[in-house]
Amino acid sequence: MSGSDKIVVEAISKSFDEMRALDEVNLTAKEGEFVSIVGPSGCGKSTLLYIIGGFVQPTHGVVRAGGKVVKAPGLDRGVVFQEYALFPWLTVSQNISYPLDRIGMPAARQREIVERYLELMGLTQFANAFPRMLSGGMKQRVALARTFAYDPDILLLDEPFGALDAQTREVMQDELLRLWRTNRKTVIMITHDVDEAVYLANRICVMSQRPGRFVAEFDIAHDTSLTREQVVLSDSYRKWRNAVWLSVREQVTGLKV
Amino acid sequence: MARVVSLYPLVLLAAVWEVVARTGLTPPIFLPAFSHVVADLFTQLLAGQFFDPMLVSLYRAFAGFAIAMVIGVTTGIAMAQFTWLNRFMTPIISTGFPAPKIALLPIFILWFGIDHMSKILLVAFVCVFPFIVAAYGAASTVPRAQIWAAQAMATTRAGMIFRVVLPASLPSLLSGVRVAIPQALVSAFTAEMIAGGGGLGGELVYAQRFFETTTVFEILILMLAIGYVIDTLFLKLRIHTLRWHEQTASKD
Amino acid sequence: MSTASRTAPLVAILSYVGSLAACVLAWDLVVRLGLVDRSLLPLPGDVAVELVTLMGTASFRTDLEQTVIRSMLGLLLGTSIAVPLGATMALSRHVRGFFEPIVKVTYTLPKTSLIPLFILWFGIGTVTNVLAVMLSTLLPVLVYTYHGVEGVPRVLVWSGRAMGTGPVGILFRIQLPAALPAILIGVRVALGFSFVVAIAAEMIASSYGIGKLIFMYGENGAYVPMFAAVTAIVIVAATIDFLFARVSAYALRWSDTYSAQR
């Protein structure tokens with residue numbers, strides 16, 4: 001059922017005591033869309049993601065995911081955090097199979113899926129390693145594998161590559177793109193990296209300074225046959241990137257350019 | 001106001017204590033009324049009772065604490081400076097730390113009698129370990145950048161210790177002090193309970209032997225108060241001493 | 001595996017033995033050279049022989065056992081109460097509000113000071129001793145457990161919830177494992193206290209136990225057995241602590257923040 005509204009954010013407002021974080025935010029993400037939310041630091045974009053994830057309750061407004069009102073976290077919305085959030089006392093394999101255990105999948109099938117994702121992410125030799133032995137990039141790979149393994153319809157990413165160095169970040173972006181193109185999940189990604197947003201997303205929403213609300217939207221068409229080099233060096237990419245950057249810049253400086 | 005209200009569990013417990021004692025559920029020899037204990041304590045204090053034993057205990061605790069501090073900090077910093085010393089001392093400390101040092105009290109008594117010295121030395125023996133560990137930990141983790149900056153500004157080895165290592169170690173050292181203070185008090189009181197020779201601990205056991213339950217409770221309250229007052233004073237001292245330090249200046 | 005990492009444990013053991021041997025040697029010399037009188041400090045050799053002899057007697061072994069059993073029992077009881085209570089305090093504001101003032105007040109009270117009170121209430125014997133040990137171990141484990149559970153990163157709990165973990169699962173599968181390093185440090189601290197309090201209780205008033213034995217030997221001028229008994233309990237306590245540290249290190253091999261606390 002492509003084209004249906006997968007995530008609907010209706011007039012969401014959030015205040016923490018005196019501080020207004022979000023102000024009547026509206027957003028609709030259709031099934032299979034890759035939406036990226038960008039904006040100045042502290043504008044509330046992560047807070048919005050936490051509300052969609054069900055971790056934080058809004059002060060006003062409602063979020064619907066797959067038609068149902070969001071009240072708490074759930075298996076339909078997979079989350080990847082900047083801090084990886086792997087369970088350090090479990091091995092890589094155990095981390096990936098954790099959600100599979102929760103949904104009651106039989107052990108044999110779990111092993112299959114874990115092996116498949118280990119191979120997909122190039123982590124087979126680390127199957128029984130503890131997360132502390134992995135680099136940042138590898139840890140995030142495990143986090144992605146874990147979330148993809150149980151196949152949630154919706155993917156919420158909170159600055160997933162923010163803690164990685166520039167080169168690893170590029171590699172991980174391509175990994176994410178590769179995984180997403182085979183599964184076509186609905187993705188909402190928070191990032192402060194405009195280049196990343198333009199590279200990955202087909203829709204970018206720009207948030208204002210606090211209290212956050214959406215001020216601009218960009219729909220980007222991607223040619224999936226192009227390599228990374230071709231995309232980044234292309235005119236269209238640069239055009240989009242500049243437009244989005246300018247929009248965010250306006251929000252950061254408060255001045256119209 | 002909120003802070004006072006938050007103490008309600010204590011008020012509740014005191015109330016329960018009072019009720020249980022007064023309704024005669026337990027004979028007064030086991031549980032004298034809370035009000036009776038508090039009232040009697042004030043009377044005794046006003047009459048000058050307990051001051052001598054308190055001073056004796058405090059003297060022993062602090063003398064031992066001071067000795068431990070001097071020996072412990074020096075050793076810890078030296079261990080951070082000289083690798084051979086570190087390698088030699090670490091097994092000794094690893095064995096000494098978990099060892100129940102109270103078991104050595106009779107040895108100290110054999111050597112120094114039951115008066116002050118044996119107890120002061122027990123306190124010192126118990127408290128030296130946390131000091132060594134805190135001093136070593138602090139001195140060995142002075143940020144390298146600070147050491148290099150000092151070296152670039154022509155600091156001698158001795159100068160390094162006093163001008164860089166010691167001040168940089170101060171926050172961790174004071175945390176070690178905070179741990180050592182209650183140890184000093186406990187060791188002093190316990191030694192007195194075991195071996196007599198005056199002090200609050202001695203008074204406590206004396207009161208127990210004569211079934212003076214009220215006095216027992218009074219002494220417990222005094223010990224509690226002493227620990228609390230000293231800790232509060234120490235925290236104020238720490239905040240003042242470390243006002244230049246980013247992390248400790250603002251928190252507890 | 002390079003040669004260096006293969007010999008490292010061996011070097012560690014050698015330096016450990018070497019340091020302690022050097023101390024024993026110094027002890028021996030100090031007495032032989034007459035720096036300290038033999039009646040005040042027996043030769044290490046004499047103490048060792050006496051220790052072996054005593055270990056051959058059933059009553060000595062029983063006393064030693066009694067002390068260890070009381071310590072461990074008190075530790076077990078204290079931990080069984082402290083861990084659930086500490087975890088609950090971290091998770092419920094109300095529970096914390098009730099117990100926090102109580103904890104703060106009793107923290108500064110030396111638990112050994114409760115021994116005379118317990119003697120008044122329960123008489124001389126195991127109940128008094130175990131109760132004193134239990135209370136002395138309760139507080140450190142409680143505080144460490146509280147901080148451990150409270151400090152669990154919220155992204156771990158959130159990830160767990162997003163992956164379909166219910167509240168009970170969150171506690172047992174995520175919060176307690178994440179808090180384990182802190183809890184085990186608390187237990188190790190409590191372990192140290194347990195021996196001290198057990199021995200102190202035995203020295204103050206008890207019918208048996210190694211503490212009582214040490215005290216009695218001292219009173220009766222039997223100094224060599226006294227030194228032997230002290231050595232025995234120090235060795236036992238240090239060994240149990242060492243074993244606990246090893247088991248902890250294995251259980252926490254996944255953690256990069258835990259280190260053998262010395």
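Predicted model: local features only at pLDDT ≥ 70, side-chain atom pairs only at ≥ 80, totals over all residues.
**View 1. Chains B and C in contact.**
Two pairs of chains are in contact, and chains B and C share the most contacts. Chain B contributes 44 residues to this contact, and chain C contributes 41 residues. Which of them gives the most? That is α11(B), with eight residues. By class, this side of chain B has 35 nonpolar, seven polar and two charged residues.

**View 2. Chain C against chain A.**
Here 15 residues of chain C meet 19 residues of chain A. Two helices of chain C, α7 (154-162) and α8 (167-204), each supply at least two residues of the side that touches chain A. The most comes from α7(C), which gives six residues. The residues on this side of chain C divide into nine nonpolar, four polar and two charged.

**View 3. The gap from chain A to chain B.**
Chain A and chain B do not touch. How far apart are their nearest C-alpha atoms? They are 19 Å apart.

**View 4. The two domains of chain A.**
Domain 1 of chain A takes in residues 5-76 and 154-253. Domain 2 of chain A covers residues 87-151. Their C-alpha centres lie 25 Å apart. Twelve residues from domain 1 of chain A and nine residues from domain 2 of chain A make up the contact. On the domain 1 side, the largest share comes from helix α5 (residues 166-183) of chain A, with six residues. That side of domain 1 of chain A has ten nonpolar, one polar and one charged residues.

**View 5. Helices α4 and α9 of chain B.**
Helix α4 (residues 51-81) of chain B crosses α9(B) at roughly 145°, and the two axes come within 8 Å. The crossing of α4(B) past α9(B) is right-handed. Residues of α4(B) in this contact include Ser57(B), Arg60(B), Gly64(B), Phe65(B) and Ile77(B). From α9(B), the contact residues include Ile161(B), Val165(B), Leu173(B), Phe189(B) and Glu192(B). How does the contact of α4(B) with α9(B) divide by class? It has 14 nonpolar, two polar and two charged residues.

An unreviewed UniProt entry lists residues 64-244 of chain C as "domain: ABC transmembrane type-1". In the model this span is 86% helix and 0% strand. The end C-alpha atoms of residues 64-244 of chain C lie 19 Å apart. Under "transmembrane region", the unreviewed UniProt entry lists residues 72-92, 113-135, 155-174, 186-210 and 222-244 of chain C.

Residues 113-135 and 155-174 of chain C are among the spans in the UniProt listing. Residues 113-135 of chain C are 83% helix and 0% strand. The end C-alpha atoms of that span lie 11 Å apart. Residues 155-174 of chain C are 80% helix and 0% strand. The end C-alpha atoms of residues 155-174 of chain C are 11 Å apart.

Definitions and conventions. Residues numbered from 1 in each chain as written. Chains lettered and ligands numbered in written order. Contact = placed C-beta atoms within 7 Å. Helix = DSSP H or I, 4+ residues; strand = E, 2+ residues; numbered from the N terminus. Nonpolar A, V, L, I, M, F, W, Y, C, P; charged D, E, K, R; others polar. UniProt positions renumbered as here; feature names shortened; annotations may be inferred. Domains from an automatic or database assignment. Axes fitted to C-alpha atoms, helices over the stretch in contact; angles between N-to-C directions. Left-handed = near helix turned anticlockwise from the far one by under 90°.
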